[in-house]
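Hi,

Here is the structure I said I would pass on.

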Amino acid sequence: MQNTNGEAALVIAVVVVGLVVRRQLCTRPVRRYASLIAPVILGILGALGIAFGVASVVKYHPMTALSVVLLVVSLAVAAAFGVARARTVRVWREADGEVLRKGTAATTGLWLASVAAHVGLGLWIDHAAGAGILGAASLYAYLAIGLGTQNLLVRGRAAAL
């Protein structure tokens, strides 16, 4: 039964990541607050996921310092990828004054590299923890930080136009 839950969680994660990446490739207006809605929702899910992940570890033994350090490193990597992706997003002002944004092939490549980095770090976190699924459960926090960083920087570029 647990394998079915794991497969469902994987499918949901793939769908969420796919929707985030797909949305990046659409031309859309830069909105002052709307670009923060998805990171806030992902952040709430991320906080719940990390709490669940920590509970899954401490159920068997105390958290190791290495697993906590790796989790912090993972979230810092998410922010770094957000900075890099923000630089690849095209931002321009239309004749009517509206500011638009659109991700590029480089944006997609960096999203794929970012997800691969999270998977690798997540496996390392789970190995260091010795039990539980803290690394895997931190996916939504990782996405929230990466997407939030990217969107704030793109908003800043849009404001400068």
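**What I found**

There is one salt bridge in the structure, a salt bridge being a side-chain nitrogen of Lys or Arg within 4 Å of a carboxyl oxygen of Asp or Glu. Before the details, please note that this is a predicted model, in which local features need pLDDT of at least 70 and side-chain atom pairs count only at pLDDT 80 or more, while totals for chains, interfaces and linings use all residues. Residues are numbered from 1 along each chain as its sequence is written, and side-chain values use heavy atoms, with hydrogens and water left out.

Back to that salt bridge: arginine 31 pairs with glutamate 98, and their closest N and O atoms are 3.9 Å apart. Arginine 31 sits in the loop between E1 and H2 and glutamate 98 in the loop between E2 and E3, so the pair ties together parts that are 67 residues apart in sequence. (Helices, H or I, of at least four residues and strands, E, of at least two are DSSP runs, numbered from the N terminus.) Arginine 31 is partly exposed at 44% relative accessibility, and glutamate 98 is partly exposed too, at 30%. The cut-offs here are under 20% relative accessible area for buried, over 50% for exposed and partly exposed in between, with a 1.4 Å probe and protein chains only.

Now the sheet. It is open, with three strands in the order E1-E3-E2 and antiparallel pairing; two strands pair if DSSP finds at least two bridges between them. E1 (28-29) and E2 (90-93) are at the edges with a single partner strand each, so one side of each has no neighbour in the sheet. E1 pairs with E3 (residues 99-102) over two bridges, and proline 29 is opposite leucine 100 in E3.

Over in helix H1 (residues 2-24) you'll find alanine 13, which counts as buried at 14% relative accessibility. Setting aside neighbours within four places in sequence, alanine 13 is in contact (heavy atoms within 4.5 Å) with Leu139 and Tyr140.

Cheers
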